[in-house]
Amino acid sequence: MAALFLSAPVTTAFAGAAPLTLNAGAPSQVVDLSASSDVARSGPSLASLVAPGDFDPSFGAGGIALYQVSGATLIPDSVLVQPDDRIVVTGNVRTSTNCGVFASRYNADGTIDTTFAGGLVTTMLSSGVCNAPPARAALQPDGKIVIAATRDPGGATDFALLRYTASGALDTTFGSGGLVIYNYVMYDQSRDVVIQPDGRILLSGTSSNNTNSDFVVARFTSTGALDGTFGVGGRSVYGFASGSNDSVTDMALQPDGKVLVVGLTYSPGTLPDIGLVRFTASGALDSTFGGGGALKINVFGSTDQPQAVAVQTDGKILVGGNAYYPAGSQYYMTLFRLNANGTAFDTTFNGTGQVFVSFGPVYNMISQLAIQADGKIVADGYTSLTARANNYDAALLRFLPTGGLDSSFLGGGAFTFEGFTDSDDRGAGIGFQSDGKIIEGGYSGGYIRLSRHGN
């Protein structure tokens, strides 16, 4: 398949004031859910009576739908709910000989939507054994699906963008045959994509010259051309320090057009911190944010792994992920809320602006965040318990706008579950249907997993 290739010379990353650093406090308020977090699928006989968080029995089998494709490994990265309540799942696809991306669509009740390319479409980007990182997708108002991806032929890697029509065909009006390949430096890896209200497309990711790596945000027109009015030649680049390794994990577009990016930052010989950078709508560093446009968060002085960022209607910023607590020998789920300019934790949120949650040792992670219309915060993720020999279980949590777990939600605000017994389960996305019900998606032992929960 032909692709539109874009390349540009390497330019110096934006240089600003030293980023502000916030230090999270000791985990004195850890929410320990190890005693009663695992729940079985159950629900009342009438779907309209599904309790908050409970599995909706009218969806799939007992609230969960599982799908598998023979001869390929599908790893979901995004779960998107259309205005008509149909569900789009996208992610990486790998076979024994090549790799690329897939998009699949399901009806509102979790059954396969055969009007969408028979239910599933794949596009291979390269041959060989690939190690492309997860990257997300976005829905356009016209139903078209834009997917961020990485072309990984086994050496140097490139940013990639694909667009499918609402019926599941590659959109020939985008790039070349529906595909854009963008080479910035030696190793480029996509992580997220957002559609602006004017139809322009923001792609975020990480670029490395094999010595250090930087945050990158590039903007494309609605037809897939690099938008030269954004940043420098269509892209904005940021490095936290000379020689540091900085890698993007998520991005959010604010209502005022500013672009917020979160990821890891560390210099050789140090442990990763959480890094946030905000760009203006034109791609310049936003000097009103953090310290000169950037912020670092250090948690426990150990390894921090941010995965998700979301912006509330009041401008306050949510960051989810995990952090390793050496004294407890485990990773806690972390949820932070910052004030709108990124200069301090919002102490109206759980008293400190910080929430730590543990389902038990060894590993707990928040993968994605979604904010309900009433301000409640839904998070998905996964946890690994020693008794399960590092076999991950999916996790779903809901927090009140004040930072506490929502006790009206199943499991007292948080619970873990499996697609089927002893499967490896991880969260990959959250969406809301028109009646407020929650769609959570991910994978379970090689299957695409979707579940629907009461609100």
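1. Gln-196 sits in the loop between strand E13 (187–195) and strand E14 (201–208). Helices (H or I, at least four residues) and strands (E, at least two) are DSSP runs numbered from the N terminus. The side chain of Gln-196 makes a polar contact with the side chain of Arg-219, at 3.3 Å. A polar contact is a pair of N or O atoms within 3.5 Å; within protein, one must be able to donate a hydrogen and the other to accept it, and residues adjacent in sequence count only if both atoms are side-chain atoms. Neighbours within four places in sequence set aside, Gln-196 is in contact (heavy atoms within 4.5 Å) with Leu-202, Arg-219 and Leu-253.

2. A word on reading the numbers. This is a predicted model, where local features need pLDDT of at least 70 and side-chain atom pairs count only at pLDDT 80 or more, while totals for chains, interfaces and linings use all residues. Residues are numbered from 1 along each chain as its sequence is written, and side-chain values use heavy atoms, with hydrogens and water left out.

3. Now the overall picture. The protein chain has 0 helices and 31 strands. For 455 residues, a compact globule would have a radius of gyration near 23 Å, and the 21 Å of this chain agrees with that; the radius is taken over C-alpha atoms, and the globule rule is 2.2 Å times the number of residues to the power 0.38. Along the principal axes, the C-alpha atoms fill a box of roughly 60 × 50 × 40 Å. Of the 455 residues, 58% count as buried. Among contacts between residues at least 6 apart in sequence, 54% join residues at least 24 apart.

4. Next, the open spaces. On a 1 Å grid over the protein atoms alone, a pocket is an open set of points with protein on both sides within 12 Å along at least five of seven lines, whereas a cavity is a set where a 1.4 Å probe fits but cannot get out; lining residues have an atom within 4 Å of a point. Grid points are joined across faces, edges and corners, and a volume is the space filled by probe spheres set on the points. The largest pocket has a volume of about 1300 Å³. Its lining has 44 residues, with Leu-80, Ala-137, Val-194, Leu-369 and Ile-430 nearest the centre. Strands that each supply at least two of the lining residues include E5 (73–81), E13 and E17 (245–253). By class, this lining has 25 nonpolar, 12 polar and 7 charged residues. Ala, Val, Leu, Ile, Met, Phe, Trp, Tyr, Cys and Pro count as nonpolar, Asp, Glu, Lys and Arg as charged, and the others, Gly among them, as polar.

5. The second largest pocket holds about 400 Å³ of space. Of its 19 lining residues, Pro-134, Gln-307, Ser-367, Tyr-382 and Gly-427 are the closest to its centre. Strands E5, E21, E25 and E29 give two or more residues to this lining, and E25 gives the most, with 4 residues.

6. Among the 13 residues lining the largest cavity, Asn-92, Cys-99, Gly-100, Ala-132 and Thr-150 lie nearest its centre. Strands E6 (87–94), E7 (98–106), E8 (120–127) and E10 (145–151) give two or more residues to the lining.

7. Ala-395, in strand E27 (392–399), is buried, with a relative accessible area of 0%. Beyond its neighbours within four places in sequence, the contacts of Ala-395 include Met-333, Phe-359, Asp-380, Tyr-382 and Phe-415.

8. Finally, some backbone details to look up. A cis peptide bond joins Pro-361 and Val-362, with omega about 20°, and Val-362 is in strand E25. Phe-300, though not a glycine, has a positive phi of about 65°; this Phe-300 is buried at 18% relative accessible area. Asn-350, also not a glycine, has a positive phi of about 60° and is partly exposed at 22%.

Definitions and conventions. Buried means under 20% relative accessible area, exposed over 50%, partly exposed in between (1.4 Å probe, protein chains only).
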